[in-house]
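This briefing is meant for someone meeting the structure for the first time. Please look over the sequence and the 3D view before reading the points below.

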Amino acid sequence: IANPEGAYVMLNQYSMDDSNGNGNGLVEAGESSLVNAELKNWGNADAANTNAVLSSEDIFVTFIDNSQDYGTIPAQDSVMENSAYQFQGSDSVPDMHIVPFTLDIQGESRDSWGSTFSVVLYAPVMYLGTLTVDDSEGGNGNSRLDPGETVNFIMNCYNNGHCDAYENLATLQSSSPYITFEN
């Protein structure tokens, strides 16, 4: 297989950097992530004034920085740019959602190339367990809500997602006119 005539630039490798977030190496819901991207010129001529723009049509991604200048990429050589791109994952992304990205690469001679890759976004998946009624202090201790009692509700919450859940808030409501919430 012969090298292409002229320049021919493609994404060679990439890695994700979540040091702006919690630094655990995962791209998570609500987290700002950086993309380190290396472009390689597979052709037999230099690719001068190379620029690459990262895009995605996924609704769970918002770009903070999506363009990177790579300068001249010599023939048969590569250029790595750390923190080349930055995006924010939505707070409402489903757990293990795969985001497709497109990298549009253009050189000075108006040659253009494209590369694609995907990134998995992780999110917590919260669910409620059992509800326990504690009427030991404001009631008769039978673990049921009886008329006139003041009780505490104890609710177990669980996370089946692939990342930690921070600052969760649960709200208990009732449309009954016979129940009053103190807290």
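The model is predicted. Its largest pocket has a volume of about 810 Å³, and 26 residues line that pocket.

**The largest pocket**

- Among the residues that line the largest pocket, Val 151, Phe 153, Leu 172, Phe 181 and Asn 183 are the ones that lie nearest its centre.
- Strand S9 (126–134) and strand S10 (152–159) are the elements that give two or more residues to the lining of the largest pocket, and the largest share, four residues, comes from S10.
- Sorted by class, the lining of the largest pocket consists of 13 nonpolar, eight polar and five charged residues.

**Positive phi at Met 96**

- Met 96 is not a glycine, yet its phi is positive, at about 60 degrees.
- This residue, Met 96, is found in the loop that runs between strand S6 (78–89) and strand S7 (97–106).
- Met 96 counts as partly exposed because its relative accessibility is 43%, a value that falls between the limits of 20% for buried and 50% for exposed.

**Positive phi at Arg 110**

- Arg 110 is likewise a residue other than glycine with a positive phi, here near 70 degrees.
- The loop between S7 and strand S8 (112–121) is where Arg 110 lies.
- Arg 110 has a relative accessible area of 67%, and it is therefore exposed, since that class takes in values over 50%.

Conventions. Residues numbered from 1 in each chain as written. Predicted model: local features only at pLDDT ≥ 70, side-chain atom pairs only at ≥ 80, totals over all residues. Heavy atoms only, no water. Buried < 20%, exposed > 50% of the residue type's maximum accessible area, 1.4 Å probe, protein only. 1 Å grid on protein atoms, 1.4 Å probe; cavity = no way out; pocket = protein on both sides within 12 Å on 5 of 7 lines; lining within 4 Å. Points joined across faces, edges and corners; volume = space filled by probe spheres on them. Nonpolar A, V, L, I, M, F, W, Y, C, P; charged D, E, K, R; others polar.
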